[in-house]
Amino acid sequence: MRSDPATSAAPMRGLGGPLRSSEPVRAAPAPSAAALLLEDAADLLVVHLDFRAALRTCERAWQDLAEEPAGACLEVKCSLCVVGIQALAEMDRWQEVLSWVLRCYQVPEKLPPKVLELCVLLYSKMREPGAVLDTVSAWLQDAGNQGLPEYRALAELHLWRVLLPLGCLSEAEELVAGSAAFSEEQRLDALQAISTARQQQKHGQSGSEETQKLNQEGSSSHKFLSLLTLLRQLWDSAVSHFFALPFRKSLLAALLLCLLVVRFDPASPASLPFLYKLAQIFHRIRKAVTSPLCRLPVHD
């Protein structure tokens, strides 16, 4: 098959324009050692499911990146963190994620938005949003991060996934009022949610106070009933003891008991049960005196 002359005559075009025989071929830059390790770590994570080896590979790549310039391989660094976070989560070591990431980036303000977003979502899902509270707050307050396009998404995430679940309502109001990341509609929705959360918080506090008061009243009532039961038992024991004594001693004990009751103000309603008991004692003593057994001679 014959080729088209126009096609054959057309010069071969490379990335830099027409390629002349006198120009050397421009080869693509060789990937760095960290980038190669990143590919290995992703392969270990996704294909082989060897999460421990994937994490070790990411840490080796970080050691290599420590020798690179500060601004080099930013995407590789971020990707290594993503793989490492996934590996830790798969090994059920999610509590170590934030400290591991901060060990790589030194300070919270330098965390990539994607890495910080993954941390917030992870700790929020595990119901531990308080672990990332200070880190996200420091990142949002940094002036260099406020101009990033991801700032709005992270501010919303911090509001709905961290501040509101933790009940940090004052901090939530400051974030909504002081940040230009929220639109007017988003600001109104956030303030409404904050107001609702504050009302629920107040109702919860009042409900807990009422419950505590009821528990205290119930405890006092229980103690009072226990005291009454004890007094009843002591009273019955004293009455039984009185009737076990000879007649004269029993009568003397009844008179002493009468003086004790009179001292407590007999007109008081609280003294009525005691007076009733005392009347029963005298009634039983009179029956004992008038019974045939009491007419028998008593030998001292």
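Predicted model: local features only at pLDDT ≥ 70, side-chain atom pairs only at ≥ 80, totals over all residues.
**Entry 1: α3 and α4**

I then took the geometry of the pair: the helices pack at an angle of about 155 degrees, and their axes are 9 Å apart. α3 is therefore roughly antiparallel to α4, because angles over 145 degrees count as such.

I listed the residues that meet. From α3 come Phe51, Leu55, Cys58, Ala61, Trp62 and Leu65. α4 contributes Val76, Lys77, Leu80, Cys81, Val83, Gly84, Ala87, Leu88 and Glu90. Sorted by class, the contact of α3 with α4 holds twelve nonpolar residues, one polar and two charged.

**Entry 2: α4 and α6**

I turned next to helix α4 (residues 74-90) and helix α6 (residues 113-125), which pack at an angle of about 15 degrees with their axes 9 Å apart. The two helices are therefore roughly parallel to each other, since the cut-off for that term is an angle under 35 degrees. α4 passes α6 in a left-handed crossing. On the α4 side I recorded Cys78, Cys81, Val82 and Ile85, and on the α6 side Lys114, Val115, Leu118 and Cys119. I classed the residues of this contact as seven nonpolar, none polar and one charged.

**Entry 3: Ile85**

I examined Ile85 of helix α4 individually. Is Ile85 buried or exposed? Its relative accessibility is 6%, so Ile85 counts as buried. Leaving out residues up to four places away in sequence, I found that Ile85 touches Val97, Trp100, Val101, Val115, Leu118 and Cys119. I also checked a C-alpha separation: Ile85 and Leu98 are 13 residues apart along the chain, and their C-alpha atoms are separated by 8.7 Å.

**Entry 4: Aromatic pairs**

How many aromatic pairs does a search of the whole structure find? I count three, and I describe two of the pairs, including that of Trp62 and Tyr105. The ring centres of Trp62 and Tyr105 lie 5.4 Å apart and their planes stand at 80 degrees, so this pair is edge-to-face. Trp62 belongs to helix α3 (residues 51-65) and Tyr105 to helix α5 (residues 97-105), so the pair ties together parts that are 43 residues apart in sequence. I looked up the burial of each residue. Trp62 has 13% relative accessibility and counts as buried; Tyr105, with a relative accessible area of 12%, is buried.

**Entry 5: His158**

I located His158 in helix α8 (residues 151-166). The relative accessible area of His158 is 3%, so the residue is buried, given that the limit for burial is under 20%. Which residues does His158 touch, not counting residues up to four places away in sequence? I list Leu133, Val136, Ser137, Leu140, Leu163 and Leu175.

**Entry 6: Positive phi values**

I noted two residues other than glycine with a positive phi. Leu49 has a phi near 55 degrees and lies in the loop between α2 (33-46) and α3. At 54% relative accessibility, Leu49 counts as exposed, because the term applies over 50%. Gln106 has a phi near 75 degrees, and its place is in the loop between α5 and α6. Gln106 counts as exposed, with 63% relative accessibility.

**Entry 7: The chain overall**

I finished with the chain totals. The secondary structure comes to twelve helices and two strands. Along the sequence, I read the pattern as α-β-β-α-α-α-α-α-α-α-α-α-α-α. The chain has 300 residues, of which 29% count as buried. Among contacts in the chain with a separation of 6 or more, 58% are accounted for by residues 24 or more positions apart.

Key: Residues numbered from 1 in each chain as written. Heavy atoms only, no water. Helix = DSSP H or I, 4+ residues; strand = E, 2+ residues; numbered from the N terminus. Buried < 20%, exposed > 50% of the residue type's maximum accessible area, 1.4 Å probe, protein only. Contact = heavy atoms within 4.5 Å. Axes fitted to C-alpha atoms, helices over the stretch in contact; angles between N-to-C directions. Parallel < 35°, antiparallel > 145°, perpendicular 65-115°, else oblique. Left-handed = near helix turned anticlockwise from the far one by under 90°. Nonpolar A, V, L, I, M, F, W, Y, C, P; charged D, E, K, R; others polar. Phe/Tyr/Trp six-rings, centres within 6.5 Å; stacked < 30°, edge-to-face > 60°.
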